[in-house]
2 protein chains.
Amino acid sequence: MATDQARSDASEAETYEQFEDRVRRISNVGNAAGILRWDQEVVMPDEGTPARAQQLSTLSSISHELLTADETGELLEALEGETMQSSREASSETASTDLEDEQTAVVREVRRTYDRETSVPGELVEEISATASNAHPTWKQAREEDDFEQFAPTLEKLVDLKREYAKHIDPDADPYAVLFADYEPYIDLETAERVLERLRENLVPLIDAVQESEAQLATDAFAGQFDDDDQEALARDVLDSLGYDWDRGRLDTAPHPFSSGTQFDARVTTRFEEDDLLGSITSTIHEFGHANYTQGLPDEGYGTPLGEARDLSVHESQSRLWENHVGRSRPFWEHFLPIARERFPELEDVSPEEAYEAANQVHDDNLIRVEADELTYHLHIVIRFEIERDLIRGDLEVSEVPAVWNDKYEEYLGVRPETDAEGCLQDIHWSHGDFGYFSTYSLGSVLAAQLYAAAEDDRGEFDGQIREGEFDELNGWLREHVHQHGKRYVTPELIERATGEGLTADHFLEYVESKYGELYDLEDD
Amino acid sequence: MATDQARSDASEAETYEQFEDRVRRISNVGNAAGILRWDQEVVMPDEGTPARAQQLSTLSSISHELLTADETGELLEALEGETMQSSREASSETASTDLEDEQTAVVREVRRTYDRETSVPGELVEEISATASNAHPTWKQAREEDDFEQFAPTLEKLVDLKREYAKHIDPDADPYAVLFADYEPYIDLETAERVLERLRENLVPLIDAVQESEAQLATDAFAGQFDDDDQEALARDVLDSLGYDWDRGRLDTAPHPFSSGTQFDARVTTRFEEDDLLGSITSTIHEFGHANYTQGLPDEGYGTPLGEARDLSVHESQSRLWENHVGRSRPFWEHFLPIARERFPELEDVSPEEAYEAANQVHDDNLIRVEADELTYHLHIVIRFEIERDLIRGDLEVSEVPAVWNDKYEEYLGVRPETDAEGCLQDIHWSHGDFGYFSTYSLGSVLAAQLYAAAEDDRGEFDGQIREGEFDELNGWLREHVHQHGKRYVTPELIERATGEGLTADHFLEYVESKYGELYDLEDD
């Protein structure tokens with residue numbers, strides 16, 4: 001005979017199963033779209049676009065409909081009732097609370113996207129998407145012709161539309177905070193602002209000191225012309241060496257390198273320029289960091305948030321940890337330079353120290369974010385962050401953007417763009433309607449330093465292992481403290497559990513002050 | 001002011017638009033799945049399977065649900081009412097009947113798949129799919145161990161399930177005719193049987209005569225070892241030469257060559273074996289024929305049956321027309337041998353005549369369908385057709401299959417398999433539950449000959465153009481009479497419009513009798 005409790009448990013399990021089926025469907029549709037986008041960037045023939053656009057649009061609307069359907073809302077409500085009940089029970093009896101907790105995490109994540117997607121009217125989503133599609137060629141032409149005026153009306157429209165969008169999600173909140181949460185749902189904007197302010201306050205004087213330094217770095221260690229095919233072979237060496245799982249991934253070339261996929265199939269792309277061997281190595285290490293995170297997500301979580309990566313900042317922390325803390329370290333070049341020399345004997349005369357210096361050169365006069373070094377990069381981000389925040393809050397007019405942009409470059413970086421093409425028209429993001437995205441790059445760097453410091457606290461310094469080409473212990477730590485959890489914990493909890501503290505710029509600042517202080521012979525203050 | 005007629009037209013247009021939206025969605029989901037399958041065969045890493053299987057299963061059930069939803073049925077009924085009404089009107093006023101006719105064709109095609117998919121219970125579809133999944137490894141092991149007994153119970157179950165499936169679709173029809181219609185919906189089974197009987201009656205004596213002939217063909221023209229990379233370069237030459245549109249396609253390798261995609265992106269795969277250069281050339285030409293058909297479908301029809309290829313026999317007619325009527329012709333080798341020699345100088349001493357003979361050798365003792373020549377191939381098909389037809393009709397027991405198979409090989413081809421591995425276990429099709437598929441290969445060959453003869457009737461002999469590497473006129477004729485129509489016409493009407501007569505084996509028999517009569521110095525009868 002079933003007791004009432006047993007019957008209620010059975011029905012709870014059925015509700016969850018129904019809910020999970022729906023979640024898995026949405027996830028599978030999204031992952032199918034991911035393959036279609038990879039295909040489009042990497043292998044699709046030129047004229048495939050019209051059909052591909054329709055396929056992606058269909059998958060996106062099917063996914064939206066599955067998520068925002070009444071049934072999803074009803075299942076969420078039913079499960080949230082259960083969740084609260086089982087939390088109450090958990091205080092007296094703790095059996096199987098693990099499973100309950102994981103289910104609660106899935107419900108939490110789906111609730112969040114459900115609420116956001118149901119609160120914005122479909123017509124507005126379509127208008128934003130159509131405006132952004134048209135904005136892209138307009139922005140491109142404006143940049144080519146160095147004519148901000150051409151792009152200004154479109155940018156104005158996108159700002160207005162995204163403000164309206166934010167209002168639908170939360171009419172009482174700071175609209176910029178709402179947009180930021182699209183990319184970074186669980187780090188609050190105040191935390192992000194605090195981190196960026198600390199970066200600005202500390203990096204501006206540090207960069208000044210670097211620029212005044214008379215140290216001469218070996219910047220031409222990788223000067224020369226390097227064959228594409230050999231560069232590709234070397235990119236494979238990089239991935240081999242770091243421990244990329246080829247049975248669950250592949251390497252291809254794409255005009256804008258990216259990584260994508262699932263734990264079963266996490267692919268990397270890179271690109272090669274004949275005169276930029278170092279760039280292809282660091283870009284490959286960066287994409288390895290992303291793909292390695294994806295490969296470390298738990299298999300059994302596939303199809304639900306438990307098997308998905310946490311959001312943009314955590315993802316970027318993984319790419320930057322490998323790119324900067326490993327790939328731009330002295331021991332890495334002691335390990336990797338001999339491998340590089342096998343492909344490129346012309347590197348025979350380069351020493352590991354010279355390679356290390358070349359990989360960490362700070363540029364004096366660079367105006368372009370994507371070409372920035374590890375220090376100045378964050379000021380490029382701070383500038384964008386401040387401008388887009390003020391635009392969305394209505395504290396800045398679109399027409400003022402070029403002047404404010406140039407002033408900030410002069411103030412923070414000591415360089416002033418002579419054209420808008422190499423000023424406020426350089427990035428694609430705003431033309432996509434992406435306001436709130438940029439800061440996740442810097443948050444990722446900051447978190448990378450924090451995680452790396454915590455990993456060394458736990459396991460001791462990794463320098464010796466890196467010098468030997470041993471990355472398993474570092475990666476094991478990341479698997480254990482970050483990758484395997486998927487979206488099980490919200491970001492602040494994930495960070496706290498992994499590092500014992502909240503998100504902080506301390507470790508990043510300590511890392512750059514020590515590294516660049518030594519490289520550029522700066523005085524300790 | 002809108003008249004009643006105008007209002008009714010508006011609502012008719014709206015209904016059609018709603019219907020077409022649904023059809024386009026289904027088509028886009030199917031095409032997305034096509035990309036996922038291509039990816040799986042060509043580029044997916046080894047361990048990607050678990051996630052890919054879930055993605056494909058989700059897309060397939062979404063597509064099934066969209067098609068079989070009540071709304072689809074209601075829209076079909078509403079439009080069929082309109083269609084009948086507009087046909088009545090068309091008799092008095094003919095304005096815009098073209099559009100009406102095309103819409104009627106779309107409704108016809110969707111109705112057909114809707115009726116089939118709604119008449120079979122979901123559980124049965126799932127049982128067939130699960131049984132077939134398990135059947136595949138069982139069949140593979142049985143073949144490896146040459147042990148039909150291992151496979152027999154599974155085959156029996158598949159036969160039973162497919163009989164049940166056929167009964168749901170049409171309880172009063174011959175179940176084999178119902179299954180055949182899954183692959184070839186508009187050619188009736190009697191026509192197919194008549195064609196296959198004529199092939200058997202005429203090819204058995206022709207092959208006898210060939211086997212008794214004392215003619216010595218230059219069978220070793222392509223003997224030797226040929227580098228894979230050079231073979232791939234030559235496959236690209238083949239596609240270039242035939243006029244493949246690279247902006248809408250690509251060439252890759254796959255263990256089992258196939259082509260797939262849409263008019264915007266029709267991809268080809270091939271494979272290379274070091275000792276089989278001729279095989280890779282003919283296989284590439286075959287796949288070109290398929291992809292070239294796809295590339296010729298009308299752009300504006302994308303997303304509806306108007307932009308989709310007619311069914312298996314018509315598709316196969318395109319691959320075989322190019323493979324056999326072009327690629328195995330004397331003038332083709334006069335054109336192509338010099339190109340092949342640039343990649344493979346060792347072909348210097350081979351003459352076009354020798355290449356032609358090697359490409360058309362009839363084998364005496366081949367037991368394997370996929371290795372068969374243009375003549376014996378069809379007897380391999382006839383044997384499978386007769387056996388599966390009798391199995392499905394209940395006129396043959398599964399346990400009798402090996403003996404009947406071997407007897408028929410002896411009777412029709414004069415060879416008797418010594419093992420079931422090279423006998424009735426050689427093909428994958430039945431393990432997939434595919435009964436009714438095989439005959440479309442032969443129907444395709446027959447139709448290829450019929451189309452080629454009609455094209456020559458219209459435009460004159462193509463030999464001179466082929467010798468010059470000019471394929472535009474032939475392809476133009478195929479575009480005009482076959483490709484551009486998509487599924488606009490049912491197959492018999494398409495054939496009648498293109499060739500002026502119904503499907504007939506006449507042209508195929510005339511072609512092989514003339515070609516092989518000359519090659520093997522046979523007496524005219």
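Which residues of helix α18 (residues 472-481) of chain A are buried? The close-ups below come from a predicted model, and the first one takes up this question.

**View 1. The buried residues of helix α18 of chain A.** Here you can pick out Leu474(A), Asn475(A), Trp477(A), Leu478(A) and His481(A), the buried residues of this helix. Looking down the axis of α18(A), you will find them within an arc of 155°, so they line one face of the helix. As a reminder, an α-helix has 3.6 residues a turn, so residues three or four places apart point the same way. The packing partners of the buried residues of α18(A) are α10 (277-296), α11 (312-326), α16 (439-459) and α19 (491-499) of chain A.

**View 2. Helix α10 of chain B, residues 277-295.** From first C-alpha to last, this helix of 19 residues reaches 26 Å, close to the expected 27 Å. Of its 19 residues, 18 are buried, so α10(B) is largely enclosed by the rest of the structure.

**View 3. Chain B in contact with chain A.** Chain B superposes on chain A by a rotation of 180° with 0.0 Å of shift along the axis (RMSD 0.0 Å). The two copies are thus related as by a two-fold rotation axis. Contact involves 37 residues of chain B and 37 residues of chain A. Together the chains bury about 3,100 Å², with 55% of it on carbon and sulfur atoms. Arg25(B), Pro45(B) and Glu47(B) supply 18% of the area that chain B buries against chain A, more than any other three residues.

**View 4. A salt bridge between Arg267(B) and Asp39(A).** The two side chains meet at 2.7 Å, N to O. Across the interface of chain B and chain A there are eight salt bridges.

Conventions
Residues are numbered from 1 along each chain as its sequence is written. Chains are lettered from A and ligands numbered from 1 in the order in which they are written. This is a predicted model: local features need pLDDT of at least 70, side-chain atom pairs count only at pLDDT 80 or more; totals for chains, interfaces and linings use all residues. Side-chain values use heavy atoms; hydrogens and water are left out. Helices (H or I, at least four residues) and strands (E, at least two) are DSSP runs, numbered from the N terminus. The expected span of a helix is 1.5 Å times one less than its number of residues. Buried means under 20% relative accessible area, exposed over 50%, partly exposed in between (1.4 Å probe, protein chains only). The arc is that of the directions from the helix axis to the C-beta atoms. Contact means heavy atoms within 4.5 Å. Copies are superposed by least squares on the C-alpha atoms of residues with pLDDT of at least 70 in both. Buried area is the accessible area (1.4 Å probe) that two parts lose on being put together, summed over both. A salt bridge is a side-chain nitrogen of Lys or Arg within 4 Å of a carboxyl oxygen of Asp or Glu.
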